Amino acid sequence: MTLISVSKVGVSFGATELFKDITFTVAEGERWGIIGRNGAGKSTIFSLITGDRAPTVGSVARKPGLRHALLDQHRAFEGATTVWEAGAAAWRDVIALEKRIAEQAMQLGEMGENVTDAFLEQFGRDQERFADMGGYEYHARVDAVLQGLGFDAEESKTRLVASLSGGERGRVGLAAQLIAPADLLLLDEPTNHLDLDTTTWLQDWLREANETVIVVSHDRAFMDAICTHILHVEAKSSEWYKGNYSQFVPQRAERRLSRERELEKQRAYVKKEEEYIRRNIAGVNSFQAKGKRKRLERLPRLAPPPGDPAAMSLEFEVAERGGDQVIAIKDLRVEVPGRVLVDDFTAVLRRNDFIALVGPNGAGKSSFISTLIGDRAPAAGEARIGSSITAAWFRQDLADLPLTKSMYDAIQDQRPLWSRGQVQNCLGAFGFSGDEVQREIGSLSGGERARMALALMTLSKANLLILDEPTNHLDVENIEALEDALEGYEGSVLLVSHDRAFLREVATRVWAFDGTRLQDFDGPFIEWEADRARRTGTR
């Protein structure tokens, strides 16, 4: 059964066209992934599906009575006080009815033999309605989803929403979506606030759920695990493909190659016909030449395959090779008030190591990094950076960016002898061109700030890169560009990420949190995944 049908849809804002000719159909039980460059209009497609935005051209048809669940970006949770109430927000009518039935049960006991037939009939109708609305299942659903997303279900009944961090609020918002009774789940970057374990749980939940799913994501491993279809938004239009992300990649390449061949074939035909017309238009074969000319005029011309602007072009160079021991760690203990994060850790980060630092949210990864590079003192033990080591840190919150400066001035500060053209070329490699380079960094979007931070990082020529969630704000094409740059990097990397495809591509070694202990796995991330799956019995 078709739930959503989008036909030749276009959206414009005044004279600016966002996209055109978007066409796809979502059937019950399918799981679609929407991919494309940042700013391509992926989230706008969600607003078209929900009816919050009308298309400028084309049409969107929905199954009558279709129920959808969309993440509340403001995460206000409609006045819920506790985490459990926020997760169960969509069941408020059922909860109210449950309370009324409980009150009726108490009244029934008090009435005894004086109970009326009308009261019993109302009580029976309310119980029947409660069952029809899923009242006997929702408690288990709320508990299961909250538990799966990293919250203690029992503790959530008393834990206040006001106490949540930004990442935790994101997970509660996602929980509320999954818990809501809906035919269609619309998930916008659902893995952004999830660690490896909760991402795996979400994959399993979505594969086993009855709901149809449409997800906007840059997490390729996640889309491989759940998607049955891919919608690729590119060059102000879109095409859809059957299969997951890994199946989409060769299909797209094959379609592009086929179109390029058809285009070349048509160009050769047109050239041959135009040559015939030129030679014969005034000769004895004038009649045939004029006929060919008319046919050429009516021939629908093929367009080149669509393409978005190129992904960023970056290269990490090192000013000097550095020693073989990049960071020597001995008996290290890291604490925050009232809690030990890391205890008794000894290891050496070696030259050319690409280490993935993995663990659940809140384990203390950022505090551990701060201790390694000397921003905070260890509670015990030591971490010594080699004398010839220079580090560059990509912070998850991008807090190091000079927000009040223009992009141009930020680069010029790092390279005062560069000409205007050299500064422009540097920023152009990261997708910033023309007068855009004079924009204040504080006005940039998350993805633009991430690219700006990477641009500044390439100028450091550091031989140790510390990357804390570098892919969070990047689209797939730019993540792959970052992977390519790291492949050619001759220094060392300490990497925090929940993007498994990215980690599989670049990490040669893993430091994994296990409570307050760090396990040092001297092998690539993909082997660590397999080893962990064997030890824990997970997929």
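## Positive patch

Lys 290, Arg 293, Lys 294, Arg 295 and Arg 298 form a positive surface patch. A patch takes residues with over 30% relative accessible area and no salt bridge, joining like charges within 9 Å and nonpolar side chains (Val, Leu, Ile, Met, Phe, Trp, Tyr) within 5 Å. Lys and Arg count as positive and Asp and Glu as negative, while His and the chain ends are not counted. Each charge is placed at NZ of Lys, CZ of Arg, CG of Asp or CD of Glu.

Arg 295 belongs to helix α10, residues 286-298. Helices (H or I, at least four residues) and strands (E, at least two) are DSSP runs numbered from the N terminus. Arg 295 has 45% relative accessibility and is partly exposed; buried means under 20%, exposed over 50%, and partly exposed in between (1.4 Å probe, protein chains only). The areas come from the Shrake-Rupley method with a 1.4 Å probe.

## Basis of the model

This is a predicted model, in which local features need pLDDT of at least 70 and side-chain atom pairs count only at pLDDT 80 or more, whereas totals for chains, interfaces and linings use all residues. Residues are numbered from 1 along each chain as its sequence is written, and side-chain values use heavy atoms, with hydrogens and water left out.

## Salt bridges

The whole structure holds 38 salt bridges, each a side-chain nitrogen of Lys or Arg within 4 Å of a carboxyl oxygen of Asp or Glu. One of them joins Arg 259 to Glu 239 at 2.3 Å, N to O. Arg 259 is in helix α9 (residues 245-280) and Glu 239 in strand β9 (residues 237-242), so this pair ties together parts 20 residues apart in sequence. Arg 259 is partly exposed at 35%, and Glu 239 is buried at 19%.

Arg 351 and Asp 324 also form a salt bridge, at 3.4 Å, N to O. Arg 351 lies in the loop between β11 (339-350) and β12 (354-358), and Asp 324 in the loop between α10 and β10 (325-336), 27 residues apart. Arg 351 is partly exposed, with 26% relative accessibility.

## Cysteines

How many disulfides does a search of the whole structure find? It finds zero, the criterion being a pair of cysteine sulfur atoms within 2.5 Å. Cys 227 is buried at 8% relative accessible area, and Cys 426 is buried at 11%.
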